[in-house]
Amino acid sequence: MIETRDITLKYSGSKGIFDLNFNVAKGETFGYIGPKNAGKTSTIRVLMGLSHPGKGSATINGLNCFRKAAAIQKIVGYVPEETAFFDGMRVKEYLNFITHMRGAVGSKKTQLRDSLIERFELETRGRIEYLSKDMKQKLAIVTAFMHDPEILVLDEPTNGLDPLMQSRFLDLIIEEKRRGKTILMATQMFENVERTCDRVGILKEGHLVEQDDIIQVKSAEIKSYFVRFEAHPNLEQLKKFGFGFKQFSDKDYEIYCQGDRIDVLVKVLSHEKVLVFNSNTQTLEEIFHKYYSQEEETA
Amino acid sequence: MSIPLLLKDIKNNVMLLLVFIVLMSIYLAVIIFMYNPDGAGALLDMLSLLPATFVSILGLSAIDSGLTGFIAGLFYGFLIYLFPMVYCIILGNRLVAKWVYDGSFGCLLATPNSRIKIIVTQGLYMVLSIFVLFAVLFLVGVGVSGYFFPGMLDTTLFMKLNLSACLMTVTIGLICFFFSCLFNNTKLSLTFGAGIPILFFSLTMLSGLSEQTSFLGKFSLYTVFNSMAIINGETSVVMVCSGFLIISLLLLAAGVGVFSIKRLPV
């Protein structure tokens, strides 16, 4: 449904995006991940027709992203990385304006809109410029979802949201996914894609370095867990099954475990009395590091 | 054209238009009120106190004795360049470059409306608001003249005068609009959008200074509109108007063209 072919857009210096090829099938949720300045937003701006590639082409639903941007916007909901709203507009006024610009005023539409407002506890009184950053992000989300679009293009959608709202947002994504929506989500936060995406593409300095099944990415990733035992644990057992660990005290450990061996770890730990078991959320950089070092090894 | 966007433009910019309508209407009304049917009298006496070159820079050297000519000389000789120019500069920048610069233009493009449709709407607001401004001026002119000096205003001639001045202003407005479409940055949009009309304005003013500088007027769009020549029937209003119309259409097409192919800034 979303397809890019060799899109290249160079900026000054070595920045830009280079020969990107990926496609998102109908009904699929694709996580587009990469650190800051990797080119996620540039790619999305090409998809949304705000910019056009120097080389290659991007299509959504078979329509050229730049030339047919208006037709594409009919079926797309877009959350920009950071939305700049019009000066001096009130929240309701803005939502009405966008609804009118979409050429639709129906009771069904406002129903969906009102439910989204309620869900995200969006403050609808007052002027947009006085809203806090997270309220503005909520407004951007409501704007993107209120016309019940078939395709969702999300650029750092949870940016600035508090954990509760992030979680509500991910719930919404999962619901939309169940309803058969096609979703492209660019993010730096691995947790976002972990819970929602079928497949991920990893972007590094404008190049797509990996496109993989989410399970595969997860199994390749090494997670660490902070564990506190009631008594000194049987370290031999951990060593025997090949788990690395770091000891902080007699009872506190950080244990490393590859994603596809979590069940083994659980079995090993089941012989001990565990008081605390915390997973250390891995930053994307750490996951990247793994991919990058792999690349170097093969090179 | 997008109706909701046009309504938003009206809401955003109606105050600006009102300020200029009120300001220019007051000027026009006062000028008509100052007219003395027994000869230009007091005003000419006052002007004679000023240095001759200054008077000719202002384009006031050839004051006609009829009411229509009097208005043409005083209002459509100098003020008609200045006020609408300021209006065009402010509005031109507001309609496109400001939103592109602060990023809110993205909100418009995230709706199922093509760039061409959006930008034509913005251009149309520029043109329509100028039409409104001159329609009001025409009515004020006819109304105030009819009240103080019934039957003395040559309405047809006054209409021609307004129409040509209106189309001239549309042309200037679309110059500002074109640069607003071209640049992603309000600074550049204003530099060119204001710079070129001000340059035209200065050239026209300087051309009135002396024989030696009169050639400068040839480089100014404003010189095409000469109120006294219209009053005296020296220029063809049809020619002047169609000239402005053609330039306006070209500018609008160019503005829409550059905007529809450009990359918007992040």
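Asp171(A) is partly exposed, at a relative accessible area of 33%. Its side chain meets that of Arg195(A) in a salt bridge, 2.9 Å from N to O. The pair joins helix α6 of chain A to helix α7 (residues 190-196), 24 residues apart. Arg195(A) also counts as partly exposed, at 42% relative accessibility. The model is predicted; over all chains, 16 salt bridges are found in it.

**Other salt bridges in chain A**

- Lys55(A) and Asp19(A) form a salt bridge in which the closest N and O atoms are 2.7 Å apart.
- This pair links strand β4 (residues 55-60) with strand β2 (residues 16-24), across 36 residues.
- Lys55(A) is partly exposed at 44%, and Asp19(A) is partly exposed at 41%.
- Asp148(A) and Arg179(A) meet in a salt bridge of 3.0 Å, N to O.
- Asp148(A) lies in the loop between α5 (133-145) and β7 (151-155), and Arg179(A) in the loop between α6 (163-178) and β8 (182-187).
- Asp148(A) is partly exposed, with a relative accessible area of 30%.
- A network of salt bridges links Asp148(A), Glu176(A), Arg179(A) and Lys181(A).

**Interface of chain A and chain B**

- About 2200 Å² is buried between the two chains, 62% of it on carbon and sulfur atoms.
- On the chain A side, Leu50(A), Phe86(A) and Met101(A) lose the most area, together 30% of what that side buries.
- Contacts involve 26 residues of chain A and 26 residues of chain B.
- There are 2 salt bridges between the chains, including Asp87(A) with Lys98(B) at 3.5 Å, N to O.
- Polar contacts across the interface join 11 residue pairs.
- Helix α3(A) gives the most to the chain A side, with 6 residues.
- That side divides into 14 nonpolar, 7 polar and 5 charged residues.

Notes
Residues numbered from 1 in each chain as written. Chains lettered and ligands numbered in written order. Predicted model: local features only at pLDDT ≥ 70, side-chain atom pairs only at ≥ 80, totals over all residues. Heavy atoms only, no water. Contact = heavy atoms within 4.5 Å. Buried area = accessible area lost by both parts, 1.4 Å probe. Salt bridge = Lys/Arg side-chain N within 4 Å of Asp/Glu carboxyl O. Polar contact = N/O pair within 3.5 Å; in protein donor to acceptor, adjacent residues only side chain to side chain. Helix = DSSP H or I, 4+ residues; strand = E, 2+ residues; numbered from the N terminus. Nonpolar A, V, L, I, M, F, W, Y, C, P; charged D, E, K, R; others polar. Buried < 20%, exposed > 50% of the residue type's maximum accessible area, 1.4 Å probe, protein only.
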